[in-house]
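Dear colleague,

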Amino acid sequence: MDTETLIDKLHRERALSGEEWVRVIDGRTPETAEYLFGLARQVRQAVYGKDVYIRGLIEFTNYCRNDCYYCGIRKSNSHVQRYRLSQDQILDCCRQGYELGFRTFVLQGGEDGWFTDERMVCLIRSIKAGFPDCALTLSIGERGHDSYRAFFDAGADRYLLRHETSSSDHYAKLHPPSLSAAHRKACLLDLKSIGYQVGAGFMVGSPFQETRHLAQDMLFLKELGPHMVGIGPFIPHRDTPFAGEEAGSLELTLYMLGLLRLMLPDVLLPATTALGSIRDGGRELGILAGANVVMPNLSPRDHRKDYSLYDNKLNTGAESAEGLADLSRRVEQTGCRIAVCRGDWRPCPDQE
């Protein structure tokens, strides 16, 4: 079965076998990629129309207890200027974002023990009280079931937890022994069982990654059935053990976005900051490949450079909230439009 035939099968059946995933990824050409992207845009249009949803990203702490080998805010990096935003600062970010039209806020941070369950619950309740018509997404790593339940009960709507790689062996090469792929997956299942709109995701081109790992990621995501999937190219950071590793490929990342759209037609699929960081116009290419979410930065400008997960991360221009008009223009050039709404997940019409 040639690559285009496999893409057609994925479009029709929304699933491939492990061997077929390897073949459809390794067999890609510029021509088959364009064919895939055309189908991906059709599928997105059928579920979400021309809407691209904006999320206001608030990077509220860059303290982290973990030492992931690829991450610029890893515990061992002594070159990072550490910071935590106060609750008042976070609410100010929300206020500014609300005035600009944001109706979803994403609280993202390292696994910072200072933000206890009690402090997080207080923060979540304050945001939801101040902005009751907005959705709140958390992206704060691995916690226990009771913590996730407390945050949900306080008003959190969504939770992003990238699994990074579903292969236990590959995971162990990217993380210290205290972290495991099995525990990461268990957290995602917990979040789903509680009732969150759940997001997972993986890096493309991370060190030691093989095509079979990407195939395993696709099989895992099909089984999990997340509402959101965030992927982006691996980009090395100068102060990590992977400083000398090669960055992931924009071309392969875009291809994986298109495959994800066909496999999970109703998924909320971001064109991530990493896409725009690796190439100017990368996020627009992500939208053309089937993505339908962008996440401009609402964090205070003087801290954006400190939330440095990888080198050369975008933090000005269209990446900033102040550049929203420019971002809107860029999105319109793809044939889509920025939608001012919560942008919730919605099931495919044939699944309702």
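This is a predicted model: local features need pLDDT of at least 70, side-chain atom pairs count only at pLDDT 80 or more; totals for chains, interfaces and linings use all residues.

Residues are numbered from 1 along each chain as its sequence is written, and side-chain values use heavy atoms, with hydrogens and water left out.

I begin with the helices, which, like the strands, are DSSP runs numbered from the N terminus (helices are H or I with at least four residues, strands are E with at least two). The axes of helix H1 (residues 3-13) and helix H2 (residues 18-26) come within 9 Å and cross at roughly 125 degrees, where axes are lines fitted to C-alpha atoms, for helices over the stretch in contact, and angles run from 0 to 180 degrees between N-to-C directions. That makes H1 oblique to H2 (under 35 degrees counts as roughly parallel, over 145 as roughly antiparallel, 65 to 115 as roughly perpendicular and the rest as oblique). Thr3, Leu6, Ile7, Lys9 and Leu10 of H1 make the contact with Glu20, Trp21, Arg23 and Val24 of H2, contact meaning heavy atoms within 4.5 Å.

Helix H3 (residues 30-48) and helix H10 (residues 250-263) have axes that come within 9 Å and cross at roughly 45 degrees, and H3 and H10 are therefore oblique to each other. Among the residues that meet here are Leu36, Phe37 and Tyr48 in H3 and Leu254, Tyr255 and Leu262 in H10.

His170 has its place in helix H7 and, at 1% relative accessibility, counts as buried (buried is under 20% relative accessible area, exposed over 50% and partly exposed in between, with a 1.4 Å probe and protein chains only). Leaving aside neighbours within four places in sequence, His170 is in contact with Thr165, Ser206, Pro207, Phe208, Gln209 and His213.

Most residues other than glycine have a negative phi. Glu164, however, has a positive phi of about 70 degrees although it is not a glycine; Glu164 lies in the loop between strand E5 (158-160) and helix H7 (168-174) and, at 8% relative accessibility, counts as buried. Phe208 also has a positive phi of about 70 degrees without being a glycine, and Phe208 lies in the loop between strand E7 (203-204) and helix H9 (211-224), where, at 44% relative accessibility, Phe208 counts as partly exposed.
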